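Subject: Structure for you to look at

Hello,

Here is the structure I promised to pass on. Please open it alongside these notes on a cavity and a helix pair.

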Amino acid sequence: MREDTRSRIQDVALRLFTEQGYEATSLREIAEELGVTKAALYYHFKTKDDIVASLVDSRLAELEELLAWFKGQPKTPEARRELIERYAELLRGTRHIGVHRFLERNQTAMRDHPTLIKTRERMMELTTEMSEPGATPVERISRSMALFSLHAGKWLLQESELSEDEVHKATLEVARRLLEP
């Protein structure tokens, strides 16, 4: 029951932060939208920052786990393909696109959030790990773009007739092509 309540709070907060803006949304509004008291909301989250951290903490943990796995792999085309496939699966979560829309619409407010800074650092570390020492600039950039093409594909869901599976398959194909220029 507790996790269900936390999840409901996260969903409502994410929607309000995206629609109204992070800074313009209060904890009181989130509580009212949920039909609970502010005290009940405080039981789960003390601040709006706590809600944001809860939304991105699991993504950061997944990213760190993926990075640790990949660091133990040889820098081969096969390992890079598996990395791309694993990363693509991480992006399939239903909340992922909502969190990214929120972050895009609240860039100024979220720019210095500690969890988001760590996430950016891990992404940069992952892109660096994708290439062996001595890789050409074209190889390094192309491999980095392979990761980010998976994100770009998610935005197609907003404005297209494609299903999530179709977008997933297409972005994986693009990412695989970018891996080995």
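A cavity here is a set of grid points where a 1.4 Å probe fits but cannot get out, and its lining residues have an atom within 4 Å of a point. Please keep in mind that this is a predicted model.

**The cavity**

The count comes to 1 cavity of 30 Å³ or more. The largest cavity has a volume of about 80 Å³. Its lining is made of 11 residues. Nearest the centre lie L150, K154, V167, H168 and T171. Two elements give two or more residues to this lining: α9 (137-159) and α10 (164-179). By class, the lining residues are 5 nonpolar, 3 polar and 3 charged.

**The helix pair**

How do α4 and α8 run relative to each other? Their axes come within 10 Å and cross at roughly 20°. Angles under 35 degrees count as roughly parallel, so α4 and α8 are roughly parallel to each other. The crossing of α4 past α8 is left-handed. For orientation, α4 covers residues 48-71 and α8 covers residues 114-129.

Which residues make the contact?

- From α4: A53, V56, D57, R59, L60, L63, E64, L66, L67, F70 and K71.
- From α8: T115, L116, K118, T119, R122, M123, E125, L126 and E129.

Sorted by class, this contact holds 10 nonpolar, 2 polar and 8 charged residues.

Best wishes

How values were computed
Residues numbered from 1 in each chain as written. Predicted model: local features only at pLDDT ≥ 70, side-chain atom pairs only at ≥ 80, totals over all residues. Heavy atoms only, no water. 1 Å grid on protein atoms, 1.4 Å probe; cavity = no way out; pocket = protein on both sides within 12 Å on 5 of 7 lines; lining within 4 Å. Points joined across faces, edges and corners; volume = space filled by probe spheres on them. Helix = DSSP H or I, 4+ residues; strand = E, 2+ residues; numbered from the N terminus. Nonpolar A, V, L, I, M, F, W, Y, C, P; charged D, E, K, R; others polar. Axes fitted to C-alpha atoms, helices over the stretch in contact; angles between N-to-C directions. Parallel < 35°, antiparallel > 145°, perpendicular 65-115°, else oblique. Left-handed = near helix turned anticlockwise from the far one by under 90°. Contact = heavy atoms within 4.5 Å.
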